[in-house]
Amino acid sequence: MTSLAISLTSFDMFDFSIFLKAMLKTPSLVRSISTSKDVLRDNEISSLYNVDSTYEDVHRELVRSTSESADPLSASPMQIPISSNSPKSRKSPKSPKVHGEGSPVSYDRHSHSQRDGRPKKGGSGGKGTWGGLLETDYNYSLDSNDPNYDSSEEYGHPNGRKSACDFDAYKKKTTIIVEEYFATDDVVSTTNELRELAMPSYNYYFVKKLVSMAMDRHDQEKEMAAVLLSALYADVIDAPQVYKGFSKLVESADDLIVDIPDTVDVLALFIARAVVDDVLPPAFLKKQIAFLPNGSKGLEVLKRAEKGYLAAPMHAESIERRWGGSKTKTVEDVKARINNLLIEYVVSGDKKEAFRCIKDLKVSFFHHEIVKRALIMAMERHQVEDRILDLLKEATEEGLINSSQITKGFDRMIDTVDDLSLDIPNAQRILKSLISNAASEGWLCASSLKSLSLEPKKKLLEDSFTRTFKIKSQSIIQEYFLSGDISEVCSCLEVENKTSSGELNAIFIKRLITLAMDRKNREKEMASVLLSSLCFPVDDVVNGFAMLIESADDTALDNPVVVEDLAMFLARAVVDEVLAPQHLEEVGSQFLGTDSTGSRVLQMAKSLLKARLSGERILRCWGGGGSSRPGWAVEDVKDKIGKLLEEYESGGDVREACRCIKELGMPFFHHEVVKKALVTVMEKKNERLWGLLRHCFGSGLITMNQMTKGFVRVAESLDDVALDVPDAQKQFLNYVERAKTKGWLDSSFYCSNSIHGKENGTCL
């Protein structure tokens, strides 16, 4: 400090001004100087100040200036006190001025000179002033590319303060706009208000605010938010702003979850909805995942959106209806609107209006209905054929109707062309001409269509009797769901379908499962039980499921999980042995393409059947037993089977034994009856149980498939049985030959391990 004080003697006025400027920024340095004033020599300070100016004056002035402003650069320029012997001291009194009672003493800081003391043009300052040294120039602009750039300086800079004020104002107005929209549900008014703000660079905040406010509200507001985003996209809010808004939402997921516990699920659904509505690109998820740290809630949100929603079958329909967006859109309503827009287009020829109506439907997965109805209209009214084809062509080129929906619409026409021939002469020839024209113009791939044979196909039974049967079938099924009386259903079907028509049986199966899918698990279980009790021919059951899968796209409008339900019904039919496993391929062969609904249903049904303990799980998926009663546990079933066999062996009635087997309600587990009965026969050499097996097979209670499984299981356990029954292998071979003779087993049945032990561990 001594060296610092001594060096003051060599300063000129300019150097000293720099020194004081530094002290103003460092109050601690000012305090250090004041405490070290005894070191300063009088003659050294006199070279800068008059001897009459004391160190206390300098210190007081410095402290006062510092206390007046937290930012020294923003304070008024401070002038050094002048001694009484200087020219200025004679014009300005040295005595202090008192500004009221109790006011601190301070010197007059205003110059009494006629000169204003402002810096000269291009100079550093006027006489006796700091000049440009302490003046702040706000005309410069901050450069974000500057290595010394600090974003926090934006708020200290006038341009930055103005930008911050604008953003604060935008945030307040945005909150008001969103609140008003939730109260009025007026998309047009909200769009105009957002456009009037004229701040497109802040629109990302509107996206974030809209979604975050909707997340904490009911499903109605969530659906309104999704609809508004879709309406604003591209017209008011451009794609980068939407992208940035959702990025901000994902980044703030950890904060949102504090107030909204289900943030992960709700925000994931918003992102999935934005992808389905083409507001966000699908690549958004993968790109954002790369930037998020492991363990963050944002990462959970993206993974939930990708795997929980967008990867699910029929995800578009499910997501669209999650918040009730399509609740009022029944199949018939959509079909009626499609028919009206086509009629209006044919009359006016206004493509833009037609495209707008198609967009307003918001059922992109159902656009094949537009294609189908447009083609029917072109076939019925030849004069509008060119106009209809032009509409479909332009809709395809603009991406409004994608190629898969175009193909599906033509395929549906091919399937129904025989029925159309009743009302439209030469319907097949006209349809073939339309396909040729569309393919030549390049908007239809004819090779991907079903074959259109000019030979008439076998007509389905679609007369008045069939329509009457459909109506009566629905009444029979609804009554069955109330009463649960299977015998009554069988009696009614015998009356209504006296000829046992396979087509009517298939129609009944379709109606039964369709009504069950729209109800609770109790009715689904009852439908499966009834289907296994009716004993319809396998071909009729196959055709019934084929009809169900063919109409799955229409059913999806009312039941988004139609693929999962149909797959479960199909797997249950296999478990109940209504269908054999090979019949699944027969059902799937009627639907080409890996992306078709039939292929998805078939693939899911196979996955269910391949799972561990699939039979028990599938049988109990809806509660088991056709009621709310849960199904039996495996150990309980084994115990009951053992007891009923013991009871029958000791003199029980064959009918009672069969009744007990039926009451188990587990036809897929009848191989356990075969195994236990056969082992008991071999151990006790009592063929009474062999007679029970003969009766069960003859009545159809135990199928050949279950009988084969039972014999295979006995063959696999022969080594253990041989410990108690030394001639177990010899007896088993004898019973196998007897079973083949009676038709219980296929003639090719052969168990290698029955003779050679378990060398290969397989039964052929």
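What share of the 764 residues of the protein chain count as buried? In this predicted model, the figure is 43%. The secondary structure of the chain comes to 40 helices and zero strands.

Helix H17 gives a detailed example. H17 covers residues 331-348, which makes 18 residues. Its first and last C-alpha atoms are 26 Å apart, close to the 26 Å expected at 1.5 Å a residue. Its buried residues are Val331, Val334, Lys335, Ile338, Leu341, Leu342, Tyr345 and Val346. Seen down the axis of H17, these buried residues fall within an arc of 135°, so they line one face of the helix. An α-helix has 3.6 residues a turn, so residues three or four places apart point the same way. On the other side of H17, Glu332 and Val347 are exposed. After H17 comes Gly349, with a positive phi near 75°.

Helix H29 is mostly covered. Of its 14 residues, 13 are buried. At 1.5 Å a residue, H29 should span 20 Å, and its end C-alpha atoms are 20 Å apart, which agrees. Just after H29, Glu577 has a positive phi of about 60°.

Aromatic rings were examined next. A pair of aromatic rings is described by the distance of the centres and the angle of the planes. The count comes to 14 aromatic pairs. One of them joins Phe270 and Trp323. Their ring centres are 4.7 Å apart and their planes meet at 45°, so the pair is tilted. This pair links distant parts of the chain. Phe270 belongs to helix H13 (residues 263-276), while Trp323 lies in the loop between helix H16 (315-320) and H17. The two residues are 53 apart in the chain. Both Phe270 and Trp323 are buried.

Phe569 and Trp622 form another tilted pair, with 4.6 Å from centre to centre and 40° between the planes. Here too, distant parts of the chain are linked. Phe569 sits in helix H29 (residues 562-575). Trp622 sits in the loop between helix H32 (614-619) and helix H33 (634-649), 53 residues from Phe569. Phe569 is buried, with a relative accessible area of 3%. Trp622 is buried as well, at 8%.

Ring pairs also build a cluster, which links Phe167, Tyr170, Tyr202 and Tyr205. Charged side chains meet rings elsewhere. Lys244 lies over the face of Tyr204, 4.1 Å from the ring centre. The charged end of Arg688 sits over the ring of Tyr648, at 4.3 Å from its centre.

Cysteines were the last topic. A disulfide is a covalent bond between the sulfur atoms of two cysteines. Cys490 is partly exposed, with a relative accessible area of 26%.

Technical notes
Residues numbered from 1 in each chain as written. Predicted model: local features only at pLDDT ≥ 70, side-chain atom pairs only at ≥ 80, totals over all residues. Heavy atoms only, no water. Helix = DSSP H or I, 4+ residues; strand = E, 2+ residues; numbered from the N terminus. Expected span 1.5 Å × (residues − 1). Buried < 20%, exposed > 50% of the residue type's maximum accessible area, 1.4 Å probe, protein only. Arc of directions from axis to C-beta. Phe/Tyr/Trp six-rings, centres within 6.5 Å; stacked < 30°, edge-to-face > 60°. Lys NZ or Arg CZ within 6 Å of the ring centre and 35° of its normal.
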